[in-house]
Amino acid sequence: MPVAQPGLGRSAEEIFVDTARITDPALARVIDCLPSPLRESVSYHYGWAGKDSGPPIGVRGGTGRKAIAFTLLCAGVDGGPVERGLPAVVAGNLLMNVATLHDDIIDLEAQRRGRPTVLAAYTTGHAVMAGDALLALAFSHLGEHPHPRTRQTLQIMREGWLQLCAGQVRDEEHEGNCETNLDQAIAVQAAKSAEGMRALCCLPALLTDASTAQVEAVGRFGWHLGMAGQYHNDLSDLWPTDPLARSRYGDVRRRKITPSVVACLESGHPESVCLAEFYRGEGEPSEEQLAAVADLIDRCGGRAWTREQNHEHMRLALRSLQEADPPPAVYRDAATLADIYMV
């Protein structure tokens, strides 16, 4: 399969800068419609402003500050200007940030992107309402766009969002349940991440002249991209490469039964029994215990298995995008960005 070649096309950083140039003003215009104090807390969440009029801290941009580049590329799959898909790209990014605001509440996450979360900086109720406000904005912003396929985009976005919510509930149900098998764990992963990303990649393409076959191929691209991204997150939770990301060991601390963990439990490795004992346990684990569990997952093969899944889904994502027959520059940019989500 062709991949991006050194010296050809834009670098990843150039793609992100160009994406932000197009998407940031559009996002800011929509978020500026929020009433105070929701506008202030959402601007804080995006890293555009500090709390109480203080200076911004941490990394600029909310959740999906890199993934938004993929969705914008999907708006150019038919060879036209990507700006046509901007309403869908903005709506999709708003949804991603709803999910994060609410996920931080569920996980009691105190820090993300180098600053306290809205949950930590404001209150639980404020974080809930900020997420709910963005949810309303996402659907209204897309629904107001005058395009023959707007109704279809809303249906796809609704389905993707419902799948994500159902996946989140099932994820909680599996916490500490060592009877969860690998198929079940992967199904939760797919609902939480892949179905939502499939929808977010389809939406911008639907607002263009892309054919049905192209939209379907872009959807498959998004599905595998979502899976690859989730496996990347699973690895980052245990072995972070970004010091400004969410707190380390968050999933292990809550004894989440991720596919990485199940792969270890089903591996037959002698030390998998010790891993099962931890996940069946209760109480707040110490930092030393968390580090020991991460090492245990590594020794039982979880790290290598997760990396394989990450790479395979990214390979399938790029193959799916290729099936959409995009302009060479679109495929080349996607392949360049894919390297960031491979570990």
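Ser260 is buried, with a relative accessible area of 5%. This serine sits in helix H11, which spans residues 259–265. Beyond its neighbours within four places in sequence, Ser260 is in contact with Asp234, Gly302, Trp305 and Thr306. Please keep in mind that this is a predicted model.

Let's turn to the nonpolar interior. In soluble globular proteins, nonpolar side chains tend to be buried together. Here the largest nonpolar core has 77 residues, and the members that touch the most others are Ile31, Leu34, Leu94, Leu134, Phe221 and Leu337. Helix H4 (residues 86–107) contributes the most to this core, with 10 residues. If you click on Leu94 and set aside its neighbours within four places in sequence, you will find it in contact with Leu27, Val30, Ile31, Tyr46, Leu134, Leu137 and Ala138. There is also a second, separate core of 29 residues, which includes Cys178, Trp239, Val261 and Leu290.

Next, the cysteines. How many disulfides does a search of the whole structure find? The search finds 0. Cys201 is in no disulfide, and the nearest cysteine sulfur, that of Cys74, is 3.9 Å away. Cys201 is buried, at 0% relative accessibility, whereas Cys33 is exposed, with a relative accessible area of 59%.

The table gathers the relative accessible areas of some residues discussed in this report.

| Residue | Relative accessible area | State |
|---|---|---|
| Ser260 | 5% | buried |
| Cys33 | 59% | exposed |
| Ser53 | 76% | exposed |
| Arg113 | 6% | buried |

Finally, a look at the backbone. Most residues other than glycine have a negative phi, and most peptide bonds are trans. Against that background, the peptide bond from Ser36 to Pro37 is cis, with omega near 10 degrees. Pro37 belongs to the loop between helix H1 (12–31) and helix H2 (38–45).

Two residues have a positive phi without being glycine. Ser53 has a phi of about 65 degrees and is found in the loop between H2 and helix H3 (67–74). For Arg113, phi is near 60 degrees, and this arginine lies in the loop between strand E1 (111–112) and strand E2 (115–116). Arg113 counts as buried because its value, 6%, is under 20%.

Key: Residues numbered from 1 in each chain as written. Predicted model: local features only at pLDDT ≥ 70, side-chain atom pairs only at ≥ 80, totals over all residues. Heavy atoms only, no water. Helix = DSSP H or I, 4+ residues; strand = E, 2+ residues; numbered from the N terminus. Buried < 20%, exposed > 50% of the residue type's maximum accessible area, 1.4 Å probe, protein only. Contact = heavy atoms within 4.5 Å. Core = buried A, V, L, I, M, F, W, Y, C linked by side-chain atoms within 4.5 Å. Disulfide = S-S within 2.5 Å.
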